[in-house]
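Reader: I would like to learn how to read aromatic rings, strands and sheets in a model. Could we go through them in turn?

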Amino acid sequence: MHRAGAPPPMADPFRTLVEELRDGVLMVDLDSVITYCNPRMAHLLGTGVAALVGKAFTAFLAPADRQAFLERLANPKEGNSETYELSIQSGNGQQILCSVSGTPLRDSAGCVVGACEVVTCTPDKGSSEGALKESEAKFRSVFENMQDVFYRTDNQGEMVLMSPSGAKILGYESVDELLGRPIPESMYAVPSDHLVFMEALAEKGFVTGFEETLRKKDGTPVLISTNSHFYRDQAGQVLGVEGIFSDISERKLAEEALKEREAMYRALVEHSHDGIFIIDGDRFLFVNPRATQIVGYSQEELYAMNLWDLVHPEERAKIRENAARRVRGEEVPSSYNARVIHKHGTVLYVDLSLSRIPFAGKWAVLGTLRDITERLESEAALKFSEERYRLLVENQGEGVGYVDENEKILFVNRAAEEIFGRVRADILGRSLSDFTDSRSFQRVQSETLKRKSGTKSTYEMDFLRPEGERRHVLVTVTPHINEQGKFLGALGIFRDITTVKEAEAELKRLSTAIEQASDSILVADVAGTILYANPATERLLGISPAEVKGQKIIDLNYGETDKSLYQERWHEVIEGKPTSGRMSHRHADGRTGQADTTLSPVRDDEGVVQFVVVTSRDVTREAELETQLRHSQKMEAIGVLAGGIAHDFNNLLMPILGFSELAQDRVSEDQPKLASYLGEIHKAGRRAAELVSQILLFSRQAEQVKEPVELKPIVKECLKLMRSAIPTTILIEARVQEDCGAVLADPSQIHQVVMNLCTNAYQAMRGLGGRLEVSLDRYGSMDPVQTIGGDLPAGDYARLRITDTGCGMGPETQKQIFLPFFTTKKVGEGTGLGLSIVHGIVTDCGGGITLESEVGRGSTFTVFLPSIDRREVGNLAPCQGVATGSERIMVVDDEVPIGQMLGDALLMLGYRVSVFQDSREALSDFQMKPEAYDLLLTDFSMPGITGSELAGCIWETHPGFPVLLMTGYTDDLDEAKAIKLGFANLLRKPLPLQSLAKALRQTLDDVKGRQA
């Protein structure tokens, strides 16, 4: 580097020439300070080169010449060399008259920063000629052998001089082939580039490090870098261009290759899956992004930290010693496991590798870091899992065995030994035929054909113990097929059901007696859920045993007094005390009655009450019927009844709708009649499903769902109901516009709004008579619409106006009319909730209400609901194709038709399906081969293990396994609660196959997204 304002340093090719010149050459800045001199100049001044640099050249001039020299530096001739004479004091003190040729030196901006002076002394003639010859010989030797190219051109752009190295670089035999030829056409790859070079040269009079592309004799391009300038005569006229250039093609290629390698290595390091770092002693010199992710610190934090703060204290000394030994070049393990501490305090296990590298002139340590915490934890978890499953298989209550393809027993657990009545050594290696009779073994062989084809099977067989005792066993066999489809053997689960079979026979005898009994007999668990009802129950209650099953026994009784009494008696029987008394009941047809009821506890072997038997005899004719029940109790009973109907009715509708929809998809085009019949069946099923939904809505046990609704038919239906419910003294006038538009609402809630407002108007005119006016039209406003509780934005609305000529309301009453529980009616005539419910429904739909009323003049309620354009309504439910898939689905439903329908439907959609009627069997199958399933689709209410219990058992070993829950009806669970419990969704029966397919596809896709 040279200081600012100083002459630029000399290029190496020029330095070689100048060092060999017989003339003295020096460079000075504007203060005459010497920045360079050649050996000849130092010899003339009688000292060394190093001693001259930094000293003022005027100190070596005669006093009379000093000022003139400084003036020439300050005021150089523009662009020209100047020759003059100076008296220089030599080293021995003599003054020598010298001829000096001075040329201004400029920086890259063209500003004069000094001068280059060539000093020629005038010795005697003889010695001068000898020195001249010697100088010329040295110069020619340098010229002939220089690696860089010296050249000179004239003003016509032709080459007049070039060193031999130029011909070599450009591929010519000799320089003579280039002399006298025009440079642009003979030397440039693109002739116009010569003009660019000349323009750059003309700008400052010289160029330094100028890069351009020349052309070899064979046309090959060659990249060169040149230092060139104009050379002039003594009068300052430009004679041409001269300079030095060198071939930089290989250097450029090397530089580009170096850049590419550096970029490649940097990318590898920056994107490496391993952490990479360089340390010097205790400090980081480099850290890649992956290393920061592993330890949780940023690069800036790591550069400011001590390395050993990251290492676990128990590992610190060992790793520190290994790093130091590695720097010293000693042989130490290059890779080993260690523990580091994450920024958040977590201990991580890493695979650490250290090696010695040169860095910044000294030895440093290069380290790689790979997080193996998850791998080690997985290995530990796998080992624990294997031990756990081995312990589970060995100690579970059911027998487990494995046979090869020839029915030879290879494994049994302890429970299997108990079933066989033999020790393991007497069982292994023998055939199943050794432990059963010929009839059972024939059954085994027939089932073997199934499992060799890959089919799982469950069947019953007998095992014979050594003493001749026969044990009845339920066997579930799962085939073992390898990846090539070859049958290797089978895994069997043996359940000893001998006691169960004996109990079933006894139970059958008892049940026959109970079935024929004239009294109603119910069996319930300690929670009060009915598990059994005999046929006489239907005569007592008018409800079939299937409908009674699953209900709470306390919900079958009515009357606050009897209910509390029943609860007291229930608590007594749960404590083990039998109790009896007269209780009221209601028949399904609405008749109420009395029954003498006895509650008896059923204990287990330890005396703990497990069940309750309720025996009821109808004594309605012997007792007076109590008929006065509160309205809330009636609604509760209807709600319970609706829930029971909905559950079983929806289970019936599910296969009707599903099978009819499957049949519609498979009917051919040449069977229009059959297609029409199937369509009518499906339509009737949908109407039945809607009827169940309406029952639940009426009993307030179903959620309200907003949908596009036409108001006109709802208003007309409400008016028909009102006409039959109010006296003829009240005239009803209706004005309903034909095209009133649609709104987004729940149809049942809109029905409730109209009925509540009309009922409120009727009650205001009750006893007096009057006129009830109901109008419905479209209302558009460019300004906000003022309503009670806030303004509505400008737009289109459906407007419903209900006017009565009744008693009207004063201002104070109008302020409170929409408040909950506020009423002007007598006690027992109203709850005060009707108008508050109306207001809540309307505002929930984005609408508003206005009220106009005057005492004695009647009232007008106006409801505004935002309109939806029909085209928008069409866009709310875009038609989509049925979603398909290929995953493996387990379907569990105790209703055989539903399971069969779901299996066929999912197979048609491309899924691989296994259908189970018994939830216990489904759980056993899943536990044996969980990898065979991607999703569980299960009914909620099932005997034995319920759907939620089945999911819970699966989640114990496979947390997060996707489960879709189906239900015909339940008041204990909704969609939000189901999702919170871990289910993917809650599907309500009956549901269209398209909805089922959509729910399956969405759940499976969500699982895949989380796993990615």
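Predicted model: local features only at pLDDT ≥ 70, side-chain atom pairs only at ≥ 80, totals over all residues.

Reader: What describes a pair of aromatic rings?

Author: The distance of the centres and the angle of the planes describe such a pair. Here, the whole structure was searched, and 13 aromatic pairs were found.

Reader: Which charged end sits over the ring of Tyr 84?

Author: That of Arg 72, at 3.8 Å from the centre of the ring. A second case is Arg 152, which lies over the face of Tyr 231, with 4.5 Å to the ring centre.

Reader: Now the strands. In which sense do S18 and S19 pair?

Author: A general point comes before the case. In a regular strand, side chains alternate between the two faces of the sheet. Strand S18 covers residues 457-464 and strand S19 residues 470-481, and the two pair in the antiparallel sense over eight bridges. Within this pair, Val 473 in S19 is the residue opposite Met 461.

Reader: How many residues lie between S18 and S19 in their hairpin?

Author: Five, and in the turn Gly 468 has a positive phi of about 95°. S19 also runs antiparallel to strand S20 (residues 487-496), to which nine bridges join it. Phe 487 in S20 is the bridge partner of Ile 481. S19 and S20 form a hairpin with five residues between them, and Gly 485 in its turn has a positive phi of about 85°.

Reader: What is the order of strands in the open sheet of five strands?

Author: Read it as S7-S6-S10-S9-S8, with antiparallel pairing. S7 (159-162) and S8 (206-215) each have a single partner strand and stand at the edges, so one side of each is left without a neighbour in the sheet. From one strand to the next, the twist averages 30°.

Reader: How many bridges join S6 to S7?

Author: Three; S6 spans residues 149-154 and runs antiparallel to S7. Thr 153 stands opposite Met 159 in S7.

Reader: Which strands does helix H8 lie across?

Author: Helix H8 (residues 192-204) lies across S6, S8, S9 (221-232) and S10 (238-247). To read its direction, compare H8 with S8: the helix runs at about 175° to that strand. Angles are taken between N-to-C directions on a scale from 0 to 180 degrees.

Note on methods
Residues numbered from 1 in each chain as written. Heavy atoms only, no water. Pairing = 2+ DSSP bridges. Helix = DSSP H or I, 4+ residues; strand = E, 2+ residues; numbered from the N terminus. Contact = heavy atoms within 4.5 Å. Phe/Tyr/Trp six-rings, centres within 6.5 Å; stacked < 30°, edge-to-face > 60°. Lys NZ or Arg CZ within 6 Å of the ring centre and 35° of its normal.
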